[in-house]
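Please keep the sequence and the 3D view at hand while reading.

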Amino acid sequence: MEPTTSDVLNSSNDALQRRRQYHELLDLGHDLALRTQTEDAVSIFQGVTSILRQTDTLHQGITNQRLENASEMNMNVQIVKMGHDLVGAALQKSESSQFCDEELTEAINAKLGDSSDHLQWQSIGTLGIKAFRMSKHSPCLLGLFEFQPVPVERSVKERRRRQRQELGVARKPETVTTLHQEEADARKLQGIMEQLKQIYQARGSPVPYLQLITDPGDYMNTIDTAFQLSFLIRDGAVALENVDNVLSVRPTTDNEKKQNKRNDDNVQAVLSLNFSKWQGAVKQYKLKRPILAIDRDLPDAS
């Protein structure tokens, strides 16, 4: 016979009520666990007994063993295990913290008697002698011998001949070589600067940049001249300016040099120079020889 709708509804309400009561019992168990350190063991035992009795009553009310009652069975097991832990904690606290003087006195009197004469002290001495026994020992079996010290062997270190440090090939100090390179660079830049001043004074106007650096016979010399001229531009000795949309070069004036010293900002310029531009400059200015005469044999730091 299949259960009616009302039976299913009543069973569901009963299950909810039992679960609510199980949760209340779990809360009571947590409260007892907090009181195990402050209350005596008897009150803890009484609380655990009450919780277990209510749990047993709820367990008897479960008549339907379907899968939906598995959660109730799980809570039932948790409460029983919690009661076991509470009893163990209460017993441990009771045994470790309580000491009964009366029980100790009765045990001593039962062993020695109630008489207050000297026979009681003899009984105590007899018990003490029985409790303390001599430990077993064996005689020394080493025998007699004469002490003979063993001489300590000293190892003699082998003397090694001192090896002379071999000297390498004599060479010039690097600082001297660096000074020579700096002097050669300074002389080369000074020569370029003097020639630029003469060309500027003779023309009376700035010199086109490509015309100044171009060597019609050697493309690499053109690159080297542009590289050398960049140091003069960086130091503020040479100025770049546009004249009729042509990049030109001229020596800087004294006022411009003073202004460059006061101005600490770094100014960078990028010039694109390739082989085709070098050929165009040779044709444009109809160069047969370079304007600047630079001694390429001087060593430089580059």
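## Overall fold

The chain's secondary structure amounts to 10 helices and 3 strands, where helices (H or I, at least four residues) and strands (E, at least two) are DSSP runs numbered from the N terminus. The model is predicted, with local features needing a pLDDT of at least 70 and side-chain atom pairs counting only at pLDDT 80 or more, while totals for chains, interfaces and linings use all residues. Residues are numbered from 1 along each chain as its sequence is written, and side-chain values use heavy atoms, with hydrogens and water left out.

Along the sequence, the elements follow the order α-α-α-α-α-α-β-α-α-β-β-α-α. Of the 302 residues, 23% count as buried, that is, under 20% relative accessible area with a 1.4 Å probe and protein chains only.

## Strands

The strand pairs, for which DSSP must find at least two bridges, are listed here.

| Strands | Sense | Bridges |
|---|---|---|
| β1 (residues 207-208) and β3 (residues 246-251) | antiparallel | 2 bridges |
| β2 (residues 238-243) and β3 | antiparallel | 6 bridges |

Val207 has Val249 of β3 as its bridge partner, and Glu241 stands opposite Ser248, also in β3. The hairpin of β2 and β3 has 2 residues between the strands, and Asp244 there takes a positive phi near 55 degrees.

## Cores and helix α8

A nonpolar core is a set of buried Ala, Val, Leu, Ile, Met, Phe, Trp, Tyr and Cys residues joined through side-chain atoms within 4.5 Å. The largest such core has 17 residues, of which Leu212, Leu229, Leu232, Val238 and Val249 touch the most other members. Helices α6 (174-203), α7 (209-213) and α8 (219-234) each supply at least two residues of this core, and its largest share, 5 residues, comes from α6. A second, separate core of 14 residues includes Leu26, Leu58, Met82 and Ala90.

Leaving aside neighbours within four places in sequence, Leu232 is in contact (heavy atoms within 4.5 Å) with Leu189, Ile192, Met193, Ala237 and Val238. Leu232 is also among the buried residues of α8, which include Tyr219, Asp224 and Leu229. At the start of α8, a side-chain oxygen of Asp218 comes to within 2.9 Å of the backbone nitrogen of Met220, and just after this helix Gly236 takes a positive phi of about 85 degrees.

How values were computed. Buried < 20%, exposed > 50% of the residue type's maximum accessible area, 1.4 Å probe, protein only. Polar contact = N/O pair within 3.5 Å; in protein donor to acceptor, adjacent residues only side chain to side chain.
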